[in-house]
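This briefing is meant to be read beside the sequence and the coordinates. Please keep both in view while going through the points below.

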Amino acid sequence: MNQESNYNVEDIELSVDSLDVEKAADIFEEHGCLVVRGLMKPYIEKINQDMEAAASESLALIDEAEKIVEGWRTPNGTLFIPAPDGYDRDKQIMVLAMNYQTSGAFFQSAFDENAIRIVEAILGPNVEIFGNGQCLYKEPVGGHPKHLHQDSAYFEHRYQGPVGILNYVVDTDLVNGALHVVPGSHKLGQLKHVDTFSHLGLEEDEWPWERSLPVIGKAGDSIFFNVKTIHGSKQNMSDKPRPVFINRYRRTDDFVIIGGTTAQNRAEAEKRAAAAEEAKKANSDRGLMVRGFRPFSA
Ligand SMILES: O=C(O)CCC(=O)C(=O)O
């Protein structure tokens, strides 16, 4: 199958300067994605500095990296994967060790009032943070692609699942690795993923890049997506790094039912899922509240 995306970015975008929260939630519900121009601008300079500090720290620790199933991990927690041809080392950065524990600006961005107003309009009144913040870093000249995928392949939820907000830290275009989204794909349900160079991804024959819509943007632009919305990004072919950071939120009663990072460990989690659902519900980690109240549940 080789269809082209029928959408334009104008169908899914708004500006923070004239923010209409209800319209934002309507776009998100219909398309499973939403672009808000300029949303994260106040945090970008500081987050960029912190990400560069985390990248330098991680490269200095590269000789101490330990092999793990997804690649290698340095002692500070950065995930490396194999480097592209032509690099003077065998590993490249993928997920930077930067989160709400290591960067004040990143933590503050997770509580941004405009972002939370939109998330509340999408998820309802009781909202918690899901995860600890995630920073992806594509190194220059060939930095990793992230194949089209649904985040629910990694963390499928019982209910609506998390809303992710991916934020550009530098101006991002077709050369340095714009995020591509497939509007409407959140209605397709959970799709089968396979192992790719950048972990779980969709079969490329069925989901070529032509089926997706690239989002070109400025530093501070934000892309919201449903946990089942197909998205990904190509290699960074520029001569500078391409950093992004992601904040995620979910309803306070939601929880992971199936998690995985490879086709094999996800298949094993699927088998355990039915029996484990109740236990996971009881034990699942609860995030910090950004809206509403969490009543006691015995
Ligand atoms: O780095 C990117 O552009 C994509 C990241 C992504 O798709 C993810 O972490 O789910």
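Predicted model: local features only at pLDDT ≥ 70, side-chain atom pairs only at ≥ 80, totals over all residues.

How many bridges join S5 to strand S6, and in which sense do the two strands run? The two strands run antiparallel and are joined by 4 bridges, with S6 spanning residues 91–96.

- Strand S4 (residues 71–73) pairs with strand S5 (residues 79–82) in the antiparallel sense, over 2 bridges.
- Across this pairing, Trp72 is placed opposite Phe80 in S5.
- The hairpin of S4 and S5 has 5 residues between its strands, and in this hairpin Gly77 adopts a positive phi near 105°.
- Phe80 also stands opposite Ile93 in S6.

**Strand S18 and its partners**

- Of the 10 residues of S18, 9 are buried, so the strand is largely enclosed by the rest of the structure.
- S11 pairs with S18 in the antiparallel sense over 6 bridges, and Leu166 stands opposite Ile246 in S18.
- S8 is also antiparallel to S18, the pairing running over 5 bridges; Cys135 has Phe245 in S18 as its bridge partner.
- S7 and S18 form an antiparallel pairing over 3 bridges, in which the partner of Glu128 is Arg250 in S18.

**Nonpolar core**

- In soluble globular proteins, nonpolar side chains tend to be buried together.
- The largest nonpolar core of this model contains 57 residues.
- Those with the most contacts inside this core are Leu34, Met51, Leu96, Val119, Val181, Ile223 and Phe224.
- Helix H2 (residues 41–60) gives the most to this core, contributing 6 residues.
- Leu34 is in contact with Ile12, Ala24, Ile27, Phe28 and Phe224, when neighbours within four places in sequence are left aside.
- Phe224 belongs to strand S16 and counts as buried because it has 28 C-beta neighbours inside 10 Å.
- Residues up to four places away in sequence not being counted, Phe224 touches Phe28, Cys33, Leu34, Ile118, Val163 and Ile165.
- Although Phe224 and Leu34 are 190 residues apart in sequence, their C-alpha atoms are 5.0 Å apart in space.

**Helix H4**

- In helix H4 (residues 113–123), the buried residues are Ala115, Ile118, Val119, Ile122 and Leu123.
- These residues lie on the same side of H4, because they cover an arc of only 120° around the axis.

**Positive phi in residues other than glycine**

- Val141 has a positive phi, near 50°, and is a residue other than glycine.
- Val141 is found in the loop between strand S8 (134–138) and strand S9 (146–149).
- Is Val141 buried or partly exposed? Val141 is partly exposed, because 13 other C-beta atoms lie within 10 Å.
- His199, likewise a residue other than glycine, has a positive phi near 80°.
- His199 lies in strand S14 (residues 199–201).
- With 23 other C-beta atoms within 10 Å, His199 is buried; the cut-off for a buried residue is 20 or more such atoms.

Conventions
Residues numbered from 1 in each chain as written. Core = buried A, V, L, I, M, F, W, Y, C linked by C-beta atoms within 7 Å. Buried ≥ 20, exposed ≤ 12 C-beta atoms within 10 Å, placed from the backbone. Contact = placed C-beta atoms within 7 Å. Arc of directions from axis to C-beta. Pairing = 2+ DSSP bridges.
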